[in-house]
Amino acid sequence: MIRAAAESLLARRRWTSLRLRLLLVFALVALTAAVSASGIAYWLNREAVLTRTQDAALGDFRQEMQNRAAALPADPSQEELQRTAELMAGSSPGYSVLLVREGKDGRKIFGTAGTDSFGLDDVPKSLQQAVDDRQKTTSANSAEYHMYWQRTKPRGNPYLVGGTRIVGGGPTGYMYKSLAQERDDLNALAWSLCIATGLALLGSALLAQAAARTVLKPVQRLGDAARKLGEGELDTRLEVSGTDELADLSHTFNKTAEALEKKVADMSAREESSRRFVADMSHELRTPLTALTAVAEILEEEADTLDPMIAPAVGLVVSETRRLNELVENLMEVTRFDAGTARLVLDDVDVADQVTACIDARAWLDAVELDAERGIVARLDPRRLDVILANLIGNALKHGGSPVRVSVRVSDPAEDAEGVSWLVIEVKDNGPGIPEEVLPHVFDRFYKASASRPRSDGSGLGLSIAVENAHIQGGEITAANGDGGGAVFTLKLPVDLGGGAGG
């Protein structure tokens, strides 16, 4: 009894398996393909019909040329040619005959007979040239002239044209057979095959639809669940029913989703802990840094009165204190971006005035050339624009060399695929440019272009912070090398950020 139950379960699983259902669907597709093969059958049948008709007509014409045209005298009259053509056409299986002979005076005489009006103009020029072409006789070629044929469609009707020439100076003969009957028969066959193919395809489509409803619906549910999982809904699970392969796949999906949810939760917790640690550390460092900064400023003011042996150490303490203060500020800014707490404070800004203020505040007026028209007003966050400009211009002065050229313009909406006007600010330095292997990494955090110089005056976060400030305002920054040398950093921001481009 247990054995019978096991066999029944196995049989039920076999008949309800996804493999069998897919085999049935593919069998229906194969049936459709087999029905479609009727088209191939049509073309094969077409060639067979045409070849049979063609061989019969050409074979009879060749025989008539040997029996009747070859028996004509060396210089036949027009009446003899006409009578011979009528005899050949009368015994032929439905084709017209044209006999051509060039007389002694150079004029061509013709003999024509048959149901179709047939003249030399109806024979293609290429066929006439092939028929008149006299070939050398060799061991492989025993005849000077051969028979040639061609299918034509004068006035839209299919015809078979064949021709040959009698060896030894006899007349040239052409036959002209209509293929209209064969065309009608093939058209009738084509319509029959089309109707049969259409009915077969309709039936197969109905059967395939019924099979797909049972086979593809579980697959669709699995695809929807995987899509939700990819969109971040990690609590997505599939309802498992049945005992087929899809049920096993659903079990596996649920286990994978559960493991992924746990893994992501652990990673999120660690990431949150890491961000909180950096934020807390940066915040805690600000208090002692404030005191250190105050002391450093006092020491810097008294540097001229200090012992010459101590002055270099004091200068080092002052510079490193400022560098540490800048690093802490940058770390806090990066933490705000990572945590998603950075916010915009939008205002209508005169871009030329904003760029001038940024340069003036840092005493860069002598090293920077500004090309900006007055009156360019954009709605953006002025503080974040100042941060971006300070980083880009400062980086150009530090690594590229002066003079640094800053140009400001507004792009034409016609140049953009969405018809948006962009504020474009280009910062070009006068240095050697950026090495090609460094270009993809210039905006990476703490990236050093040279491994032998792991420490520099900057924090290694300036350009990455500039990019984050551009992104939060709906823009972007790109880096490239200018045609005449020097690095070019291009900032693009939407002119009207209030339209929803910002974060």
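A residue counts as exposed when its relative accessible area is over 50%. The legends below apply that cut-off to a predicted model.

**View 1. Five strands form an open sheet.** The strand order is S2-S1-S5-S4-S3, and the pairing is antiparallel. Strands S2 (108–113) and S3 (148–152) stand at the edges. Each has a single partner strand, so one side of each lacks a neighbour in the sheet. On average, neighbouring strands are turned by 15 degrees against each other, direction ignored.

**View 2. Strands S4 and S5 pair antiparallel.** Strand S4 spans residues 159–165, and strand S5 spans residues 172–178. The two are joined by 7 bridges. Leucine 160 has lysine 177 in S5 as its bridge partner. Strands of a sheet pair through backbone hydrogen bonds.

**View 3. Helix H4 lies across strands S1 and S2.** The helix comprises residues 78–90, and strand S1 comprises residues 95–102. Helix H4 runs at about 30 degrees to S2.

**View 4. The whole protein chain has 11 helices and 12 strands.** Of its 503 residues, 34% count as buried. The chain exposes about 29900 Å², with 56% supplied by carbon and sulfur atoms. Among contacts with a separation of 6 or more, 64% come from residues 24 or more positions apart.

Conventions
Residues numbered from 1 in each chain as written. Predicted model: local features only at pLDDT ≥ 70, side-chain atom pairs only at ≥ 80, totals over all residues. Heavy atoms only, no water. Pairing = 2+ DSSP bridges. Helix = DSSP H or I, 4+ residues; strand = E, 2+ residues; numbered from the N terminus. Axes fitted to C-alpha atoms, helices over the stretch in contact; angles between N-to-C directions. Contact = heavy atoms within 4.5 Å. Buried < 20%, exposed > 50% of the residue type's maximum accessible area, 1.4 Å probe, protein only. Areas by Shrake-Rupley, 256 points an atom, 1.4 Å probe, with all protein chains shown as cover.
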